[in-house]
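Trainee: Can we go through this one together? I'd like to start with the helices.

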Amino acid sequence: MAAPGEEEEEAAAAAEAEEGDGDEKALKRLEDLVTELYRFRDRLPQKERPARDAPARDAPAREADAREADARPAATLLADEMEKTLRLMDEIEVSPQGRGRALVLRARALGVSPAGRGRAEEALSRAVKLAPGLGPAWLRLGEARWQRGDVEGARACFAGALAHGEDAEARRLLSMALRAGGAGGALRESLAQAEAAVRCAPTDGRSWYVLGNAYVSLFFAGGQSPDAARRALGAYAQAERVDPEAANNPDLHLNRATLLQYQERFGAALEGLGRAAALAPGWEEPRRRHAHLLDFLGRLCALLANRGKLRGKRRRGLEGPLPPSLLGPLGRGLRPSPLAALQPGPNPQRVLLGRVLFTLTPPEGVPYAVGVADGAGSAAALTIYNAAPGWGVLVGDGLAVAEPRLCHHLHQWQGKTFSFTGIRVPSPLSLVVNGRRPPGPALAPARLALVNDPAPASEAPPP
């Protein structure tokens, strides 16, 4: 026979177990209501569907059949359904111990519509006060703060989740938040968080994807190191290897295409942009950039073939011999060489001198392309990076390039062939124009903002 004290302890334990079991059933009912609300949203007519403010991870899969449009706007329909769901959730009782988790589910319901955004953040704030160790509450609160522009508050929430335990999603989100408007130390810390996410979840393609983005940001902000570019491409490839779903992420293909285009791997860039457009038919960005790149390559090849469309005496004057004085400070220690004397890759101790035949700037502004004639009958395209928007050269100017890195481009896409001789110039300050170095303001540091960084669910950069 148990002692009186033992009987009380057993009774308390039994009551606690019964209460916990009741909470699990109640929370399951709440979750089912939220799931059904998102299904309702996803059944709304596609062209009437309101913007999705809740992170994509909270949305169940879209259903194939959309119901017929109601006479009321979709946003009103969804807001009404959200309020109906909230009333049903209020009828379900949860113990004080389960209240924090219930508030997270309530915030998910409120997040289905922009009309509930403010109340969702309030619910999550209450959740972390009631249950400070509840990681999902910290993460969703951080996302809510980020969506209204409070990046510092978002970072604090993601760090708060990590204070209560290791979590790959918290690492990923903190990495993204650190990159939002960050530079220098913030970008290095962003990389450290992305690396920690990979260690925490090495088979999660999302972690490798965020690591790739961290390296891309560091590449553009940190001197465009070839090692950072190599590591970024490696991380994207690993994301696809460990997680088949990563191959269906249009952001990954767009981000990788951005880096490939900057490396002048134009064929691979076109393939990536085309893949992103195919995976996200309603997303204009990859489709627009794909068209722009095709147009840029086509115009560049045509202008080189036609020598900038120059004719007669003017063309003959630009294609004739160039005076050594145009070399300026590059006239000492370097050997002037026509294009025919250059080898693919770097050409140490040599300098190319030519006259400008044409200039070409794509809609995104990068690269600034200049056609040059070398005075010996050949022409090439200089693709100049990190040039300030107000800087440029004129037809007829003399250009000298020290130790030019030559590339014979040959890219094909759906029956189109783009073939030309190119020289990549990393900075306008490495040129000599009419015998003089360009002024310092000719240089614009490369900057990259990930398109979807403010939306924690995904990331993608512009060119």
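Mentor: Helix 6 is mostly covered, with nine of its 12 residues buried. Buried means under 20% relative accessible area (1.4 Å probe, protein chains only), and helices are DSSP runs of H or I, at least four residues, numbered from the N terminus. This is a predicted model, where local features need pLDDT of at least 70, side-chain atom pairs count only at pLDDT 80 or more, and totals for chains, interfaces and linings use all residues. Residues are numbered from 1 along each chain as its sequence is written, and side-chain values use heavy atoms, with hydrogens and water left out.

Trainee: Which elements do the buried residues of helix 6 pack against?

Mentor: They pack against helix 5 (135–147), helix 7 (168–179) and helix 8 (185–200), with contact meaning heavy atoms within 4.5 Å. Among the buried ones are Arg155, Cys157 and Phe158.

Trainee: New topic. How many aromatic pairs?

Mentor: Seven. Rings of Phe, Tyr and Trp (its six-membered ring) pair if their centres lie within 6.5 Å; planes under 30 degrees apart count as stacked, over 60 as edge-to-face and the rest as tilted. Tyr368 and Trp391 have ring centres 5.8 Å apart and planes at 75°, so they are edge-to-face.

Trainee: Where do Tyr368 and Trp391 sit in the chain?

Mentor: Tyr368 is in strand 4 (residues 368–373), and Trp391 is in the loop between strand 5 (379–384) and strand 6 (398–402), 23 residues apart. Strands are DSSP runs of E, at least two residues.

Trainee: Is Tyr368 buried or exposed?

Mentor: Tyr368 is buried, at 10% relative accessibility. Trp391 is buried too, at 14%.

Conventions:
Buried means under 20% relative accessible area, exposed over 50%, partly exposed in between (1.4 Å probe, protein chains only).
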